[in-house]
Every structure is written in structure tokens, then in C-alpha cells.
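Subject: Structure handover, with notes on its helices

Hello,

Here is the structure for you to look at. My notes on some of its helices follow below it.

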Amino acid sequence: MWIGETFTSDTGWDHLETLVDIETRMAGSDGEQAAAEATRDALERAGARNARLEPFAIQGWERGESRIETGDQPQPCIALPRSPAGEAAGELVDLGYGLPSDFEEADLQGAVVVARSDVPDHHDRYIHRREKYYYAVESGAAGFVYRNHVPGQLPPTGSVGTDDDPIGPIPAVGVSREVGARLARRFDGDRVTLTVDADVGDATSQNVHAELGPDTDEEVLVTSHVDAHDISEGAMDNGAGTATVVELASALAAREDELDTRVHFVAYGAEEVGLVGSGHHADRADIDAVRAVVNCDGLCRGRTLKFVTNTFDALGDAADAVADHFDHPVTVDPTCGPHSDHWPFVARGVPGTHVLSETGDAGRGWGHTHADTLDKLERRNLRESAILLTEYVVRVAGADFAGEHLDPAEIGAALEAEGQATGMKVVGDWPFETDG
């Protein structure tokens, strides 16, 4: 019965439309608060109990106008969130993909560095935007330009900064693929001036909490993030994830007597500016009481779910069992993915999986651009994902789930083995003590 009801339900999709129709859900904005309040109310209507908001302070950042002056006409760009306001003038240096070796081989002192948003097919790992930014900082660059690899006149956004220093040290902007190609072709080696306008000040974000199931000491976290970048509707990133969490609450309410462990829903704030909401929660949670984290971020872009399981085999086994049960394919990636709201818990040794849609595309696609809009998504995919994830959560919350916490040093060792440690150390995201 619950499967049919979920496959015909509009609960999640209606909430997705509510979220994308809010003018902006940027961290710390009135719109983010409105989205959090709407999510709290939707979870309560879905049958979850004790739906509430938990406010916390953040470093606020509001986008102004930005530009790249080349001596010709100004080139359009947008500031990267948490870029400092200010001006950077220097020689434009196009580093192509911006691989670590590219930074090592170039003289970048005082330069304005351009790096693409992707990596070549043969490269062994994806290199995150913040990693490229801090390679530029370490190299003495005066400014950073992040060049989208996706066509369509779509400048990318995405934050810089660290937990210790929320505002980055050098101005940073995003440019479209087309503008980036023009800069590289016409102005590589020329002196340019990059100007960022932004308002920086104190702000407040909030996490949304609600529960279902027995009042056990142990709990399973089912999470998403409610904030989105201010340049788009944030449909894929991450309206769809939060809408799916609401749909899961509705489906799990119908199966509440099957839950052996409390399910704690959390829609985090301020994810897009450094996992601030989930970090705030993890800092204050009883980590030993968190059985597992099922984090929904980047769903509904396709029909096949991808489970990034961060070395926790039991979470991959549960995904495979759900796939077998429904005769529906899933992808399991056992590597670590330190770039969404599961990570503050996984870094402390908690079993956690990041669930997203398998697209086969490099990078974010339309995510973090103006094109992250509702028309790219399908109601069917949200419903199918909710059915699979409802069964998945029931299994992870079941008495037979065999997931065990790890020593955080084991997570650090896995990142070392995967070649991810160097980049995390560069950006200040390395909390582990390992021999590497």
C-alpha cells in the first residue's frame, strides 16, 4: 500500500515547488528562513513529530556587482560566495584544468589565475573548486577566476573560505565557459583587474529538525540542506533533496511500526558556505548515538540512485539489498566524498552515505549556475527515489543493520589512500591524525 501511495504522492513535489518559488535561499537570508519554516511545517504535515527550527550564527555574505577589466570591454563574471570585496590587478594566467602540477610549474606571484571547473578524463580524481582556489592562494596569486566547462553562458558559483577564516584571502569570481575561453585566447599574459563587490556581516541560519519512530537512544539521521545559491532556483541543489526528505517522512510515517530505531530528519542551513549547519549539529550531537547518516543532496536528476558510502560496507550492502528487492539498479561508490552534509559526521567515524542521482556527467552540470531550475527535474524520479530510500532507511534503522563506527584515523587513512588528503590539507579541511 505505501508504495502505491508514494508513487502517486504529490507531497514532496509540492514542497519542491514551494522551495523554488522563494526568491532566494542564500545562507543567512530571509528566504532561507522562509524555506526552513516551510520545511518544518511540511515535515509536521507529513506526520513527523517535534518539528522545530534551531538557529545559529553564521558569517553573512551578500553578492554585489563584479567585473574583470581587460583594457577592452569588461568581461562578465559573478563573485564566488565568501570572496572578500576588493580589487586584484595582475597578469592573467590561464592554467587550463588547474591541476596541482599546473600550479607547481607556473610563476603565479601577483597573478590573476584562471582554472577550469573540471578535470581531464584520465585524471585520477575530481579536484574541488576550493582546492584550486587555495592552490592559487599558496602560489601568491592576487585573484582567482573559476571557468565553467559547461556550455551555455553559465558562470558558476560556489563558496571559498574555511571554518577558521570564512572570508577567503583573495578575490574570486566565476565566469562562463565562453567568457573563460575568450579570456584565455585574447588576454592570457595581459594585465587585468578583477573587482568584487560584496557585503559581509553577521547573519543567522537555522537547521530544521523532526523525528519519527521509537524514542530510542540511538538514531538514524536522514538529512538534506535547505539553502541554495542566490543565482538560481536551487531545484537540483538542493530543493530536490529536501523535497525527498519530506516525501520520506510521509512514507515512513505509514511504516513507523517497522522502525527499530528513531529516525531524525534534519534539513540543514548554510551548507553552500562550508557545511556550516551540519558542522554546528555534529559539534553538539552525541556522536556515539548516531547509528548512520543518510544524506540526500543532488537527487532527481536521473532515475538511478548513487550511494557514496565513505568506506562503510554495511551502507553499500543495504543499498544492494534494496536494489535486489525492487529489481531496480543503483550504483554504490565505496570511496569518501567530503563535500556534503554527511561529512562532519563521517569525519568523526559515523557511518554515512551521500545519496544523489547518477548522471554520468563530469562535475555539477547545471548545478551552481543560473540553470538549476525546476524544469530540469521530473516528478517520477522524485517518487521512485523516495520509494527506494524509504526501504533503505527502514533497513538501516532495523535491528539487523551491521554498521559500526570507525576510528576517525581510519577515515583519514582512507582519504590518504584515495589521494584526497593533499587537497583537503590545502583547504584547511583536514582534522585527522594519521601517519601519512
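Helix α2 (residues 11-20) and helix α3 (residues 30-46) have axes that come within 10 Å and cross at roughly 165°. This is a predicted model, in which local features need pLDDT of at least 70 and side-chain atom pairs count only at pLDDT 80 or more, while totals for chains, interfaces and linings use all residues. Residues are numbered from 1 along each chain as its sequence is written, and side-chain values use heavy atoms, with hydrogens and water left out.

Some terms for this pair: helices are DSSP runs of H or I with at least four residues, strands are runs of E with at least two, and both are numbered from the N terminus. Axes are lines fitted to C-alpha atoms, for helices over the stretch in contact, with angles from 0 to 180 degrees between N-to-C directions.

α2 and α3 are therefore roughly antiparallel to each other (under 35 degrees counts as roughly parallel, over 145 as roughly antiparallel, 65 to 115 as roughly perpendicular, the rest as oblique). In contact (heavy atoms within 4.5 Å), H15, T18 and L19 of α2 meet A35, A38, T39 and A42 of α3. The residues of this contact divide into 4 nonpolar, 3 polar and no charged (Ala, Val, Leu, Ile, Met, Phe, Trp, Tyr, Cys and Pro count as nonpolar; Asp, Glu, Lys and Arg as charged; the others, Gly among them, as polar).

The second pair is helix α7 (residues 235-253) and α11, whose axes come within 9 Å and cross at roughly 55°. α7 and α11 are therefore oblique to each other. On the α7 side, A243, T244, E247, L248, A251 and L252 meet L382, A386, L389, T390, V393 and V394 of α11. By class, that contact has 9 nonpolar, 2 polar and 1 charged residues.

Just after α9, D327 takes a positive phi of about 50°.

Finally, helix α8 (residues 276-284) has G277, S278, G279, H280, H281 and A282 as its buried residues. They pack against β1 (49-69), β8 (191-212), β9 (219-225), β10 (262-268) and α10 (343-346).

Regards

Notes: Buried < 20%, exposed > 50% of the residue type's maximum accessible area, 1.4 Å probe, protein only.
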